[in-house]
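Keep the sequence and the structure in view while reading.

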Amino acid sequence: MEFFKIHKTIPFMKHALILNIISLVLFLLAVFFIATRGFNLSIEFTGGTLVEAKYDKPADLEGIRKSIGGLYSDFQVQNFGSAEDVLIRLPIVEGKNTTQQSQEILSALKSQDPSVSLTRVEFVGPQIGNELYTNGLLAFFFVIVGICVYLAFRFEWKFSISGVVANVHDVIIILGFFAFFQWEFSLTVLAAILAVLGYSVNESVVVMDRIRENFRKQRKASVVEIINSSITQTISRTIITHGSTQIMVLSMFFLGGPSLHYFSLALTIGIWFGIYSSIFVAAAVAMWLGIKREDMVKPVKKQTDEQLVP
């Protein structure tokens with residue numbers, strides 16, 4: 001579907017070298033920050049106290065956060081099951097046990113609404129947090145492997161390599177942002193990164209499919225001309241798809257509250273870098289790997305005289 005059509009081919013590959021040098025610098029910086037700063041892991045990974053609270057009416061999450069904010073700097077508050085149920089995650093604090101923390105929270109909540117009661121208090125140790133962290137890394141690894149296998153079957157090997165490079169580029173840069181700014185890295189952020197992987201590979205596949213199609217149609221065009229025209233032809237679809245997705249993500253960013261803040265932030269970074277990498281990383285890497293018409297269109301074998309004789 002196209003709301004508009006660009007009639008003049010945009011020379012995207014003209015600036016591919018400069019932009020990919022910038023990409024490489026960003027990628028290396030991201031790796032550096034990940035290795036030196038690490039991640040600001042949430043309570044889900046580091047362990048802490050889980051407190052479930054029950055209200056007689058829909059809970060005021062912002063009011064709850066203000067009440068707890070005077071006691072803890074690192075905590076999470078979200079609805080749990082219904083608008084009246086609230087789940088609170090508290091960090092491990094030296095010198096305080098789970099009972100003491102729950103009593104502090106109950107006092108803070110009752111000062112806001114006396115009808116509140118605690119329905120569950122549970123300690124989540126670092127062992128469970130480490131297990132979540134390990135399982136998250138395994139999920140990330142298997143997604144990468146699955147994408148590699150999919151691209152290997154779907155495309156010629158040069159396209160497969162360029163697609164994998166583009167997707168890893170997006171993920172590492174997102175992780176680099178979280179390491180540099182020390183934004184909280186939670187399970188929802190991990191889910192956003194896995195979603196970005198699928199989203200980014202879809203965009204790369206659309207562009208590569210159009211390049212393969214144009215190799216078969218545009219017999220006299222050069223490789224650069226085919227890549228430029230293919231990307232130009234998919235621009236309308238890219239704007240519609242990513243624009244509508246970004247509107248939804250921005251609504252979560254501005255209206256979803258703290259629980260969706262970093263989730264939507266990771267998706268926003270992934271969406272924009274996904275557009276960028278599908279154009280200037282995946283297509284450019286395929287070009288530099290020497291993609292050519294013969295890779296897409298297999299030559300027809302001519303029959304010899306001996307084969308023609310019955």
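Two residues are in contact when heavy atoms of one lie within 4.5 Å of heavy atoms of the other. The model shown here is predicted.

## Domains

The chain is divided into two domains. Domain 1 is made of two stretches, 12-39 and 129-295, while domain 2 covers 48-124. Between the C-alpha centres of domain 1 and domain 2 the distance is 38 Å.

## Nonpolar cores

In soluble globular proteins, nonpolar side chains tend to be buried together. In this model the largest nonpolar core has 56 residues. Met-13, Leu-151, Phe-185, Ile-211 and Ile-231 have the most contacts inside this core. At least two core residues come from each of the helices α5 (126-154), α6 (157-181), α7 (187-217), α8 (223-255) and α9 (258-288). The largest share, 18 residues, is supplied by α9.

Not counting residues up to four places away in sequence, Leu-151 touches Ser-160, Gly-163, Val-164, Val-201, Val-205 and Met-208. There is also a second, separate core, which has 17 residues. Among them are Ala-59, Ile-64, Tyr-72 and Leu-90.

## Helix α3

Helix α3 spans residues 61-69, and its buried residues are Leu-61, Gly-63, Ile-64, Arg-65 and Ile-68. Ile-64 is also one of the residues of the second core. Which elements cover the buried residues of α3? The cover includes the strands β3 (76-80) and β4 (82-91), together with the helices α4 (98-110) and α9.

## Glu-184

Glu-184 is found in strand β6, which consists of residues 184-185. Leaving aside neighbours within four places in sequence, Glu-184 is in contact with Asn-40, Ser-42, Asp-74, Gln-76, Phe-178, Val-189 and Tyr-262. With Gln-76 there is a polar contact between the two side chains, at 3.3 Å.

Glu-184 is buried but has no salt bridge. The nearest side chain of opposite charge belongs to Arg-89, 8.4 Å away.

## Thr-232

Thr-232 lies in helix α8. Is Thr-232 buried or exposed? The relative accessible area of Thr-232 is 6%. The limit for a buried residue is under 20%, so Thr-232 counts as buried.

Setting aside residues up to four places away in sequence, Thr-232 touches Ile-6, Lys-8, Thr-9, Ile-10 and Phe-12.

Note on methods. Residues numbered from 1 in each chain as written. Predicted model: local features only at pLDDT ≥ 70, side-chain atom pairs only at ≥ 80, totals over all residues. Heavy atoms only, no water. Helix = DSSP H or I, 4+ residues; strand = E, 2+ residues; numbered from the N terminus. Buried < 20%, exposed > 50% of the residue type's maximum accessible area, 1.4 Å probe, protein only. Lys, Arg positive; Asp, Glu negative; His and termini not counted. Salt bridge = Lys/Arg side-chain N within 4 Å of Asp/Glu carboxyl O. Polar contact = N/O pair within 3.5 Å; in protein donor to acceptor, adjacent residues only side chain to side chain. Core = buried A, V, L, I, M, F, W, Y, C linked by side-chain atoms within 4.5 Å. Domains from an automatic or database assignment.
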